[in-house]
Amino acid sequence: MAQRVIMYPKEWDTTTQETPDPQIETSKRLLRDAAKRHKVMLQPVEPMLKFGGHSMFPLAGLLSLTAYNRVIHLIPSGLVIDTSGLDHLFTLPMESDMIGISAGKADGATSPSVVLLKPSKDAFRTTMESLAGTKYDEDEFLSKMPLLPDLPEDQVHVVAKTSALKLENDSFNATAFLESTSYVHMSDPETLGPEFDAPKESIASSIPKKKEPIKAWQEVHERYRDMRMEVCGLDLEPAPKSA
């Protein structure tokens with residue numbers, strides 16, 4: 001079974017603020033719950049880059065986890081439905097230290113929804129040296145990563161993207177989609193993330209037009225909301241007033 005790891009800023013363990021930051025305190029509570037209830041390993045990390053006085057924790061830092069042969073990072077926000085396709089990635093041949101798995105037609109295959117890494121000291125050093133002194137941008141970093149399309153394994157798909165549901169035709173089957181997808185990357189450019197309780201009128205442009213894709217889109221968001229409450233004890237966040 002793959003080890004589940006959550007990395008968090010080490011400074012959270014040493015903060016001496018008289019008035020604790022409520023968001024950090026909530027995050028620390030969720031970390032404790034994840035370790036206790038779901039056997040997740042917690043790993044504090046130091047900042048790996050500094051720019052303009054700000055500490056940064058780039059995705060490339062996962063290459064430092066040399067205790068693992070492979071590391072899979074799921075681009076948030078999203079919903080894990082079936083891990084079988086993700087397990088397949090642990091045996092996928094890799095010609096580079098990092099590759100992205102794309103949901104394909106969702107975004108023209110320009111951005112990964114899942115990142116597969118092969119940690120090593122050399123890969124970590126080389127990558128971090130290339131980023132030193134730069135104005136690091138995670139989206140730009142991801143866009144330059146070697147990219148593979150979704151890899152079907154016995155008709156189980158590794159990743160799908162909610163924005164792609166708008167592109168599906170009449171042959172699409174919501175039940176089959178929900179039974180055969182490992183990870184749904186919930187990304188709809190026109191709207192806020194799924195963690196927000198956005199007004200219906202603000203998400204209308206993201207909802208597919210056909211019956212079966214609508215069913216899949218709504219089911220994914222309902223499951224996400226339910227799991228957010230069940231696992232984290234959190235309701236959806238209020239939408240920002242400016243949205």
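Let's start at the second largest pocket: α7 gives the largest share of its lining, six residues. That helix spans 211–232, and along with β12 (196–197) and α6 (200–203) it is one of the elements that each put at least two residues into the lining. Keep in mind as you look around that this is a predicted model.

The pocket has a volume of about 430 Å³. How many residues line it, and which lie nearest its centre? The lining has 17 residues, with Ala198, Ile203, Trp217, His221 and Arg225 nearest the centre. Sorted by class, the lining comes out as nine nonpolar, four polar and four charged residues.

Now zoom out to the whole chain. The protein has 243 residues, and 36% of them are buried. Its secondary structure amounts to seven helices and 13 strands. Take the contacts between residues at least 6 apart in sequence: 74% of these join residues at least 24 apart.

Next, have a look at Met94, which sits in the loop between α2 (84–88) and β7 (98–102). Is Met94 buried or exposed? Its relative accessibility is 11%, and the cut-off for buried is under 20%, so Met94 counts as buried. Setting aside neighbours within four places in sequence, Met94 is in contact with Arg70, Ile99, Leu116, Leu117 and Lys118.

Finally, two spots in the backbone are worth a check. Most residues other than glycine have a negative phi, and most peptide bonds are trans. Lys39 isn't a glycine, yet its phi is positive, at about 55°. You'll find Lys39 in the loop between α1 (22–38) and β2 (41–45). Lys39 has 63% relative accessibility, and exposed means over 50%, so this residue counts as exposed.

The other spot is the peptide bond between Pro76 and Ser77, which is cis, with omega at about -5°. Ser77 belongs to the loop between β5 (71–74) and β6 (78–80).

Conventions:
Residues numbered from 1 in each chain as written. Predicted model: local features only at pLDDT ≥ 70, side-chain atom pairs only at ≥ 80, totals over all residues. Heavy atoms only, no water. Helix = DSSP H or I, 4+ residues; strand = E, 2+ residues; numbered from the N terminus. Buried < 20%, exposed > 50% of the residue type's maximum accessible area, 1.4 Å probe, protein only. Contact = heavy atoms within 4.5 Å. 1 Å grid on protein atoms, 1.4 Å probe; cavity = no way out; pocket = protein on both sides within 12 Å on 5 of 7 lines; lining within 4 Å. Points joined across faces, edges and corners; volume = space filled by probe spheres on them. Nonpolar A, V, L, I, M, F, W, Y, C, P; charged D, E, K, R; others polar.
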